[in-house]
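Open the model in a viewer and keep the selection panel at hand. The stops below go from strands to cores to a charged pair.

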Amino acid sequence: MNVVLVGTDPNGITDALDAEGHTVTVADVGNRPGLEEAGVHEADVYLLTEMSQATSIAVAKDLNPDLRVVVYAEGSLPDFASRQTDLVVDPDLLGPDAVAEELD
């Protein structure tokens with residue numbers, strides 16, 4: 001599965017995804033050029049790890065409407081972003097290994 005991750009990775013989700021056999025591309029900033037460079041058009045999952053970049057969800061869905069959007073971060077999403085998000089997971093409640101397993 002192709003995953004585009006936007007944000008920092010303080011919880012080690014990238015390593016967990018790699019261990020599960022997923023292909024991960026990281027975009028530090030979730031703007032259109034960053035997402036396109038990270039391969040969002042071919043991605044299966046858009047994984048956001050920073051609530052401060054929640055507006056990037058709309059950009060990602062515009063570029064690839066079939067994306068499954070997963071947020072792995074503390075906090076809450078703005079209403080506009082939560083409507084486009086498939087799954088929100090708090091890292092304090094579920095570890096990166098469990099999230100990586102469940103993406104299949």
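Each stop names what to select and then says what is there.

This is a predicted model, in which local features need pLDDT of at least 70 and side-chain atom pairs count only at pLDDT 80 or more, while totals for chains, interfaces and linings use all residues. Residues are numbered from 1 along each chain as its sequence is written, and side-chain values use heavy atoms, with hydrogens and water left out.

**Stop 1: β1 and β2.** Select residues 2-6, which form β1, and residues 23-27, which form strand β2. Helices (H or I, at least four residues) and strands (E, at least two) are DSSP runs, numbered from the N terminus. β1 and β2 run parallel and are joined by five bridges; strands pair if DSSP finds at least two bridges between them. Pick V4 and look across to β2: the bridge partner is T25.

**Stop 2: the cores.** Select V4, V6, L35, Y46, I57, V71 and L77. These have the most contacts inside the largest nonpolar core, which has 20 residues. A nonpolar core is a set of buried Ala, Val, Leu, Ile, Met, Phe, Trp, Tyr and Cys residues joined through side-chain atoms within 4.5 Å. Two or more residues each come from β1, α2 (32-38), β3 (45-48), α3 (56-63) and β4 (68-72), and α3 gives the most, with three. A second, separate core of 14 residues includes I13, V24, V45 and V99.

Stop 3: What is I57 in contact with, leaving aside neighbours within four places in sequence? The partners are Y46, L48, V69, V71, L77, A81, Q84 and T85, contact being heavy atoms within 4.5 Å. Next select S56, also in helix α3. S56 counts as buried because its relative accessibility is 2%; buried means under 20% relative accessible area, exposed over 50%, partly exposed in between (1.4 Å probe, protein chains only). Not counting residues up to four places away in sequence, S56 touches V6, G30, L35, Y46 and L48.

**Stop 4: R32 and D62.** The structure holds one salt bridge, defined as a side-chain nitrogen of Lys or Arg within 4 Å of a carboxyl oxygen of Asp or Glu. R32 pairs with D62, their closest N and O atoms being 2.8 Å apart. R32 is in helix α2 and D62 in helix α3, 30 residues apart. R32 is partly exposed at 37% relative accessibility, and D62 is exposed at 51%.
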